[in-house]
Amino acid sequence: MPLTLSQLLAQIRQNDPKADTTLVELAYEYAAEAHQGQTRRSGEPYLQHSLRTALTLAAIRAETDVVIAGLLHDVPEDTSRSLEDLEKQFGKKIATLVEGVTKLSKVKYRGIERHTESLKKMFIAMAADIRVILIRFADRLHNLETLDALPEDKRLRIARETLEIYVPIASLLGIWYFKNQMEDLCFKHLYPEEYKKLEFKYEIEQKVGNKQFIQETEGILIPELKEAGIKFEIQGRFKSLYSVFQKMQNKERKFSEIYDVFALRIIVESIADCYKTIGVIHALWKPKPNRFKDYVAVPKPNGYQALHTTVFGPHGKVTEFQVATRKMYEESLYGIAAHWYYKNKKSRELGIGKQPKWVRDILELMRQAKDSEEFMSVAKIDVFRNRIFVFTPKGDVIDLPEGSTPIDFAYAVHTDIGHHCVGVMINDRINKLDTALKSGDTVEIITDKNKKPSRDWMKIAKTSRAREKIKQALKEGGGFMKFIKWK
């Protein structure tokens, strides 16, 4: 069924019953007139794409200006109306958002050389206003949903571009709503045979059996949660097909050996109820050792919060639970869009100070890179690799790329700690400096003020920050800052 303006307005009012939708209606009429007579490859009116993009943005609770920009995002590029026309009708803010999306529409995946420039453009757009990326994600998601209408070569190019450029950034921004859907749609086109096989196993062997198991688990858990006076909502959460496929490839496991294909998500009203719920779960079923993760007290750098635990559930089956408040859940699903919805209702002005730390770090690294090749190296290591979260002895969280070593950790804490590093304690045990760190490790660097970086460290360090600091120290021949004692 075709989308309608009424559906879009209903979603906006669901987010905010007091929302003034007058400008949204004007934008719809403007887009309808501008795109009149235009159709997409699928044969549907072009306006349907504009509506779908706007509705997706409203669904993730993006602010009204962003939804309006979603309606208008293709007007300057695909119609006779200009950005100046848009600015006269809808103001500077909305025109600037549309201009940002128009610039990003020129980002194409043309192999490794052009890939580098594409990444730069994405990061520059985020530096200006991350909301531009949200609009582009919504636009891209609908394009992926209608890929079947395109020639094979274009389908594959768009899918590869999405997987290489858009998905990692969605992951870093913590927008799982976009990440999971884009991944699975790309997977379907890039690896059709593997997709079909996994889809069959997933639907037949897992979902049917797991739905029954979930019902049985809920039958045991629900009375206990009610007895504890906890108000809750329980959802079954299944991993995306592409996530399962990656895990099978990376860990060389069979589908039947992936035990966290599904999890039970419990949404409660308060942080206190999160911990209370975990207590109820652990009283019912024995926890699996070292599988409790507290991302409430120590959130991930992208803001993700929840409590995770894995237990030996009914019949001894390994079962994962995720417990969060409604706010935590929506922020995990919609990322920064939901974060703004909850935190910035009064102030909608965005500035560099509100960008995630990793965005600011990458922009700085991008400015320091001598050429595209060096930038690509930085991006691959520091951005597009999976992240781990390790702790200082004081409980501070250090976010590092997967595969990082104590040397990388030391330089992430402070340059002097890196320069004077002589040893490391990982989880209260002496370890080697080339040890690969794991999420959850507590790391204490042993320092000596007379120590200087060794050339061998260049082989050990994985992050661009550590390698750059070591290079500088080696060139300076030992001109170091004063020793800072740190434990």
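Where is tyrosine 275 found? Tyrosine 275 lies in helix H14, residues 271-284; helices (H or I, at least four residues) and strands (E, at least two) are DSSP runs numbered from the N terminus. The model is predicted, and local features need pLDDT of at least 70, side-chain atom pairs count only at pLDDT 80 or more, and totals for chains, interfaces and linings use all residues. Residues are numbered from 1 along each chain as its sequence is written, and side-chain values use heavy atoms, with hydrogens and water left out.

Tyrosine 275 counts as partly exposed because its relative accessibility is 35%; buried means under 20% relative accessible area, exposed over 50%, and partly exposed in between (1.4 Å probe, protein chains only). Together with Ile271 and Phe292, Tyr275 makes a nonpolar surface patch of about 270 Å². Patches consist of residues with over 30% relative accessible area and no salt bridge, where like charges are joined within 9 Å and nonpolar side chains (Val, Leu, Ile, Met, Phe, Trp, Tyr) within 5 Å. The loop between strand E2 (262-268) and H14 holds serine 270, which is partly exposed at a relative accessible area of 27%. Serine 270 and lysine 327 are 57 residues apart in sequence, with their C-alpha atoms 9.4 Å apart in space.

Helix H15 covers residues 326-334, and its buried residues are Met328, Tyr329, Glu330, Glu331, Ser332 and Tyr334. After H15 comes glycine 335, with a positive phi near 60 degrees.

Most residues other than glycine have a negative phi. Arginine 61 has a phi near 70 degrees and sits in the loop between helix H3 (46-59) and helix H4 (64-72). Aspartate 428 has a positive phi of about 70 degrees and belongs to the loop between strand E9 (421-426) and strand E10 (429-431). Arginine 61 is buried, at 18% relative accessible area, whereas aspartate 428 is exposed, at 68%.

Toward helix packing, H1 (residues 5-15) and H2 (residues 22-34) pack at an angle of about 155 degrees, their axes 11 Å apart. H1 is therefore roughly antiparallel to H2. Axes are lines fitted to C-alpha atoms, for helices over the stretch in contact, and angles run from 0 to 180 degrees between N-to-C directions. Angles under 35 degrees count as roughly parallel, over 145 as roughly antiparallel, 65 to 115 as roughly perpendicular and the rest as oblique.

Next come the charged pairs. A salt bridge is a side-chain nitrogen of Lys or Arg within 4 Å of a carboxyl oxygen of Asp or Glu, and by this rule the count comes to 10. Arginine 81 and glutamate 33 meet in one, at 3.0 Å from N to O. This pair links distant parts of the chain, 48 residues apart: arginine 81 is in the loop between helix H5 (75-78) and helix H6 (83-90), and glutamate 33 is in helix H2. Glutamate 33 counts as exposed, at 52% relative accessibility.

Arginine 140 and glutamate 161 form another salt bridge, with the closest N and O atoms 2.4 Å apart. Arginine 140 is in helix H9 (residues 131-145) and glutamate 161 in helix H10 (residues 152-172), 21 residues apart. Both arginine 140 and glutamate 161 are buried.

Lysine 179 and glutamate 183 also form a salt bridge, at 3.0 Å between the closest N and O atoms. Because they are four residues apart in helix H11 (residues 176-190), lysine 179 and glutamate 183 are separated by about one helical turn. Both lysine 179 and glutamate 183 are buried.

Technical notes. Accessible areas come from the Shrake-Rupley method with a 1.4 Å probe; for residues, only the protein chains shown count as cover.
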